[in-house]
Amino acid sequence: MKWLELLVLGLFLALLVYAEFDLPERGDPNAPASVHVSRSYIERSVRDTKTPNIVTAVLADYRGYDTLGETLVILAAGLAVFLILPRMKTPRSR
Amino acid sequence: MKERYENPVVEGVARLMVPLIQIFGLYVITHGHYGPGGGFQGGVILAASLLLLRLTLGEEYEHRRFPPRQAILLATSGMLLFVLVGLLPLGRGAPYLNYAYLPIPGLAEPEARYLGILIVEIGIGMAVWGTLVTLFDHLVGGEAQ
C-alpha cells in the first residue's frame, strides 16, 4: 500500500514538473496574466486615483468587490466565534 | 492569561510600547496610498497592541477599558462603513463601489477615488481590529461580557 501511495505521489510530481516547463518566464511582459488588464492599471492608476501605490489602487478601487468579500469573510469568522463560543455548554479548561 | 502579569519590567515596557504600536498602526492604515500597508495590516497592528495590554495588565483591568462587546461593535461598524460608502455612488446612478461618484461637491474624480480608498481602508482596519480582538477574547476562554 505504501508503494502505491509513493507511486501516485511520484506521478503527481512528474505531472507538475512537466507542467512547469510551459509556464511563462518570471516577469515576462507578454505572459497571459500581464497582457489583459495589468497594463492599463499600471498606466492609469495614478491618473485615475492619485494613488502612487498601484497595489492599493487595485485592491480598494478597481477590485473593490474582492476586498469587500475578504473583509466580510474575516468579520464572519469573528461573528461566528462571538455568537457560538459563549453558548457552548462543555466546561472549558481554564 | 487572564490575570495581571506581575512583573514591573514587562508591564513598564508594555505601557511604553503600546502607544507607539498604535501610532504605527494608524500610520500603516493611512499610508497605504504611498507605500506598503493598508487596512488589513494596520488593523492587525492595532489589534496586537490591545492583545499586548490584555496579556500584561490582565482581563479585569483591560475589559473595563475596552470590553469584548465593544470589539465586535467596532468590527461590524467598520464593515458597515465599507458597505455604506459603496452604496453612496448609487444615488448618482453610478455602479456600486465606484468612488469616483461619491456625492461630495467640489471634488474632482481622482480626489473622490483617493478619498474613497482612504475611507474603505479605515473601514477594513476597524473590521480587522475588532475581529481579532474578539477572536482573542473568546478563544482565551473567559466570560466575555
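In the predicted model, helix H2 (residues 39-57) of chain B has 19 residues, which at 1.5 Å a residue should span 27 Å, and its end C-alpha atoms are 27 Å apart, in agreement. The expected span is 1.5 Å times one less than the number of residues, and helices are DSSP runs (H or I, at least four residues) numbered from the N terminus. Residues are numbered from 1 along each chain as its sequence is written, and chains are lettered from A in the order in which they are written. Because the model is predicted, local features need pLDDT of at least 70, and side-chain atom pairs count only at pLDDT 80 or more, whereas totals for chains, interfaces and linings use all residues.

Buried residues of H2(B) include Gly39(B), Phe40(B), Ile45(B), Leu46(B), Leu50(B), Leu53(B) and Arg54(B); a residue is buried if 20 or more other C-beta atoms, placed from the backbone, lie within 10 Å of its own. Helix H1 (8-30), helix H3 (59-65) and H5 of chain B are among the elements that cover them. Just after H2(B), Gly58(B) adopts a positive phi of about 90°.

The contact between the chains takes 31 residues from chain B and 27 residues from chain A, two residues being in contact if their C-beta atoms, placed from the backbone, lie within 7 Å. On the side of chain B that touches chain A, helix H4 (68-87) and helix H5 (109-139) are the elements that give two or more residues. The largest share, 16 residues, comes from H5(B).

The mean pLDDT (the predictor's confidence in each residue, from 0 to 100) of chain B is 89, and 95% of its residues reach 70 or more. For the complex, the predictor gives an ipTM of 0.84 and a pTM of 0.83.

How values were computed. Buried ≥ 20, exposed ≤ 12 C-beta atoms within 10 Å, placed from the backbone.
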